[in-house]
Amino acid sequence: MFDFFQSHNLLLAPMAGVSDEAFRTLCREQGADLTYTEMVSAKGLSYANEKTRHLLHLAEGEDQVAVQLFGHEPDTMAAQAAWIEDEMGDSLAYLDINMGCPARKIVSKGDGSALMKEPELAAAIVRAVRAAVAHPVTVKFRRGWAEGEESAPAFAQRMEEAGACAVAVHGRFAEQLYRGSADWGVIARVKEAVSVPVVGNGDVRCGADAVAMVERTGCDAVMIARGAEGNPWVFAQAKAALAGEMEPPLPTVEERIAMARRHARLLAQREGKNIVRMRKHAMWYMAGLPGAAAARGKINACVSVEDFDAVFDELLEYVGSSAPSGR
Ligand SMILES: Cc1cc2nc3c(=O)[nH]c(=O)nc-3n(C[C@H](O)[C@H](O)[C@H](O)COP(=O)(O)O)c2cc1C
């Protein structure tokens, strides 16, 4: 029995281009019990691609992470899962297999959510990875492939039979991309269909959402992705709400900018001087603040910590107050 979520029920989702060491550090500090790496290409790892391997680096002080692999060849997936296990040892919490990514460049190769259309192959991947590693193996997928055709409960059963120790479900169809809203009913239906733990995912943006998701679906853990963008505090709020405690106050403008500065510094520790990856985070931290729209152009020209600091200084001067942000 995989009981990991009994002590870790609040998770930062895997997010390509976002859930790197810097962001994971900030989310863990705010209360995420576990974070996932960005999705890692099994093919890329098999070519010993340095950029791909880089995705497996842990942040300073980060004890454990879940690694998410994507690919569609059982042998390659199994070999690379074994390599990851050897490399990471105890710092690997579990291996997750991506069967939910709907991006065209991923599904066109048969990876990500394309595997929901190939349950035989999906099961073969899980069996192969399970046989290759001692760590638990989990699968993350969506409500189904085609809009309106819910296959997740049956698919979850197949994954459990193949050896998945837990499943994570995002309540949208692959064809839906991120349109509309996530259906939490499917999380409850998956929960009924399997006996392994179920992670619920989709549209959790505050503490009350996390509580509502658990109440309505019975899920064993709550996974947050976009709700944490520019908002690592969502974990402190969800943690308190799930524990039935009063949620901490929303961050002030100063706290938001201080978090953004720290984020930039953490990114620079790993990436060096060029931290263009910070641009999107900066926009997320500033979202809704007076002057944010005008700062967008400047942010898009920032490269270094100093560049970002200069824009943050200007913004703070413009805002000139520490009123609650109202996020
Ligand atoms: C920028 C971005 C990158 C993502 N990358 C991944 C990924 O690498 N692997 C994955 O399984 N899901 C990925 N997702 C999907 C999220 O993990 C999550 O399932 C989805 O965003 C729904 O949760 P949310 O409503 O909390 O955002 C990504 C989502 C976003 C917005």
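## Strand S4, both faces

Val 65, Val 67 and Leu 69 point one way from S4, while Ala 66, Gln 68 and Phe 70 point the other way, and all are buried (20 or more other C-beta atoms lie within 10 Å of the residue's own, with C-beta atoms placed from the backbone). Strand S4 spans residues 65–70, and six of its six residues are buried. Strands here are DSSP runs of E with at least two residues, helices are runs of H or I with at least four, and numbering starts at the N terminus.

This is a predicted model: local features need pLDDT of at least 70, side-chain atom pairs count only at pLDDT 80 or more, and totals for chains, interfaces and linings use all residues. Residues are numbered from 1 along each chain as its sequence is written.

## S4's neighbours

S4 pairs in the parallel sense with strand S3 (residues 40–41) over two bridges; pairing takes at least two DSSP bridges between the strands. Ser 41 has Phe 70 in S4 as its bridge partner.

S4 also pairs with strand S5 (residues 92–99), again in the parallel sense, over four bridges. There, Leu 69 has Ile 97 as its bridge partner.

## Around the ligand

What surrounds the ligand? The shell holds 23 residues, and the closest are Ala 13, Met 15, Met 39, Ala 225 and Arg 226 (the cut-off is a C-beta atom, placed from the backbone, within 6 Å). By class, the shell has eleven nonpolar, eight polar and four charged residues. Ala, Val, Leu, Ile, Met, Phe, Trp, Tyr, Cys and Pro count as nonpolar, Asp, Glu, Lys and Arg as charged, and the others, Gly among them, as polar.

Note on methods. A residue is buried if 20 or more other C-beta atoms lie within 10 Å of its own, exposed if 12 or fewer, and partly exposed in between; C-beta atoms are placed from the backbone.
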